[in-house]
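Visitor: Can you walk me through this model? Start with any term I'll need.

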Amino acid sequence: MSEQVHGTHNHHLDVAPGEEEHRSLGSRVLGYLLGLGLAILLTATSFFIAGTDLVWQPSIPVAIVVLAIAQMGVHIVFFLHITTGPDNTNNVLALAFGLLIVFLVVGGSIWIMDHLNHNMIPMDQLMQMQR
Amino acid sequence: MSVVAMAHGHADPHHLHAAEHEGPAPKRIVTGFGFWIFLLSDIVMFSCFFATYGVLVGETNGGPSGAQLFDLKNVAIETALLLLSSFTCGMASIAADMRNNLWFQISMAVTALFGAGFLALEAIEFIDLVERGAGPSRSAFLSAFFSLVGCHGLHVSAGILWLLTMMAQVFAKGFRADIQRRILCFALFWHALDIIWVAVFSVVYLLGSAV
């Protein structure tokens, strides 16, 4: 008869995306403020790095991409409230699948098209051959 | 039978079969999850625009490149507007949960103003580019640029229409359960647009100016 316990225990297994657990007004506002502060910090850093001569130039694109990914993470946690908690498993799995497709499409396209560009005969030579 | 039931309980330590007895999830969770799936598919669609832009970014056909065209000060203001609108949208979600009509309408109105300011700056930028002879038909790079950034702008426009609809619905019908679900979905949509804008300003504007 211990099965009964599990039934009631599992009642609140899931949380809708964007939904916070039951928290007080103050802590919810504080959460958004914290997210806003972190996002402003990361945005300001990326705009600063893009225009500065202070850092090694080839590192700039990498820094911008890393800062962008960090800021997306901040938005997902503080604004969309997608967490790694057990009540969020479905949301995180859907997000993970979406990200897989995004990386396949973007990475695959740029990789393949870059190689095609390298391996193609330059356009002016191609025109010569067709004459 | 009880022996089978006990064995079943032990063979299922993660309670995988407990869900069979629970019935469907509450409607708010089903709606929110369904909208989350839509948002992810929207993000996949944006990734196609990003891939196109990434492939075509160098194909300027002798025309201007991003570094010659982009005004980073304008982009910084656009970014600030969209970020602040995301914050006020969060305040509107809290007000909706608290069923506070006044704060909900104020936060949503401020969100709409920030969004409209963003759209106005983007429109001015686009008109300026076209007048300088750098319209979408100038080169493959500019076609991809206008498609990607314009698609995001269209999403923001649709978001503002949805926002105004939600203000009117709350005004006319109050915080009913179905209206609350629509507010949840709208907030998800608006925050997701801000995430896509982070990718746009980093990849298109900052990388385009830095390289």
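Guide: A crossing is left-handed if the near helix is turned anticlockwise from the far one by less than a right angle, and right-handed if clockwise. Helices are DSSP runs (H or I, at least four residues), numbered from the N terminus. The model is predicted: local features need pLDDT of at least 70, side-chain atom pairs need 80 or more, and totals for chains, interfaces and linings use all residues. Residues are numbered from 1 along each chain as its sequence is written, with chains lettered from A and ligands numbered from 1 in written order.

Visitor: Which way does α4(B) cross α7(B), left-handed or right-handed?

Guide: The crossing of α4(B) past α7(B) is left-handed.

Visitor: At what angle do α4(B) and α7(B) pack?

Guide: About 160°, with the axes 10 Å apart. Axes are lines fitted to C-alpha atoms over the stretch in contact, and angles run from 0 to 180 degrees between N-to-C directions. So α4(B) is roughly antiparallel to α7(B) (over 145 degrees).

Visitor: Which residues of α4(B) and α7(B) meet?

Guide: Among them, B:Leu72, B:Leu82 and B:Cys89 in α4(B), and B:Trp190, B:Asp194 and B:Phe201 in α7(B). Contact means C-beta atoms, placed from the backbone, within 7 Å.

Visitor: New topic. How many residues of chain B are in contact with chain A?

Guide: 46 of chain B, against 43 of chain A. α2(B) gives the largest share of chain B's side, 15 residues.

Visitor: And how are the domains of chain A laid out?

Guide: Domain 1 is 21-81 and domain 2 is 85-131, with bounds from an automatic or database domain assignment. Their centres, over C-alpha atoms, are 26 Å apart.

Conventions:
Contact = placed C-beta atoms within 7 Å. Helix = DSSP H or I, 4+ residues; strand = E, 2+ residues; numbered from the N terminus. Parallel < 35°, antiparallel > 145°, perpendicular 65-115°, else oblique.
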